[in-house]
Amino acid sequence: MRKTTLAFFSVLVALSMLLTACGSASTPAPESNANAQPTAAPVEELKGNITISGAFALYPMVTRWAEEFQKTHPGVTFDISGGGAGKGMTDALSGAVDIGMVSRAVTPEELAQGAYDIAVVKDAVFPVVNVNNPVIEDIKAKGITQETFVKIFITGEITTWGQVVGKPEITDEIHVYTRSDSAGAAEMWAKFLGGKKQEDLLGVGVNADPGLLEAVRKDPNGIGYNNLGYAFDLATGKAVEGVLTAPIDLNNNGLADPDETIDTQPKAVEMISLGKYPSPPARGLNLVTNGTPSGLVQAFILWILNDGQAFVGEAGYVQLTPDELATSLAKVK
């Protein structure tokens, strides 16, 4: 019986040694595998809700960015609303939203209250008139000078379309439309007209970019101004049906020169990119937070300044220059 027990024990020891040897061959110790790649730590999926409000100029672009961001981060949701640049700033500073969309420069007073602005894209404001304007062919051929715009929107000295093109016999009255909400577009258009402010603009107040555009579309004698994304139809690349983006006769030669005739969206983007369209009314568009962004909001803005730039052209906007983009990135990191 003793011999049997010893024999059985010997078999177990031999079998154990064999299994250990096999295991060592198939699973080498870490120090013996110099080429082994370190296992990446699992990336924590982003989750949460981001609230955004403000400028109609940025609304289509930010909406597109949010949609694209959600494709890779489905755990993130967004609440995005318009209301004008003024609302975006007020909401951001009060904590009502995480991000304000502001289509104008941030004032020293707003900076003192904690506004932290990051430029993300470029845009511009364009004067628009109805395609059935009584002097539409003259406007196309001659353009409208900056001085004339001042006399229409600021001083009210010019009141008929005949005065605009030098034909006093034409007495159709000009119907001026402006923004009733606190708007970056209005602020930029006023700055172009002699460094004025939105409150200095004459006209019937209409709420929001779409509202102002529609007012001009319905009125043959109407004139107003719209941001790039509203003045042009992205699907066709042309001015929105029913309106014309009036050429600005910048050199006062009485002609709408080729660079001054901006009748398509690609031409508008080109002129803004090359700096041939005046600034203002061209300008950068900003996202504003109350203090330096962090967490989920910071991650979203960093994505906008990196991967999100691929969608700027598709959405009908103008990219920041490399230097401008680097400046914005430095403010977020």
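**View 1. The salt bridge between E324 and K122.** E324, at 30% relative accessibility, counts as partly exposed, a class that lies between buried (under 20% relative accessible area) and exposed (over 50%), computed with a 1.4 Å probe on protein chains only. Its side chain meets that of K122 in a salt bridge (3.3 Å, N to O), the term standing for a side-chain nitrogen of Lys or Arg within 4 Å of a carboxyl oxygen of Asp or Glu. Because E324 lies in helix α13 and K122 in strand β4, the pair ties together parts that are 202 residues apart in sequence; helices (H or I, at least four residues) and strands (E, at least two) are DSSP runs, numbered from the N terminus. This is a predicted model, in which local features need pLDDT of at least 70 and side-chain atom pairs count only at pLDDT 80 or more, while totals for chains, interfaces and linings use all residues. Residues are numbered from 1 along each chain as its sequence is written, and side-chain values use heavy atoms, with hydrogens and water left out.

**View 2. The salt bridge between D123 and R283.** The side chains of D123 and R283 meet at 3.6 Å, N to O, and join strand β4 to strand β11 (residues 282-290) across 160 residues of sequence. D123 is buried, with a relative accessible area of 0%, and R283 counts as buried at 8%.

**View 3. Surroundings of F153.** Leaving aside neighbours within four places in sequence, F153 is in contact (heavy atoms within 4.5 Å) with residues including V176, W189, L201, I223 and Y225.
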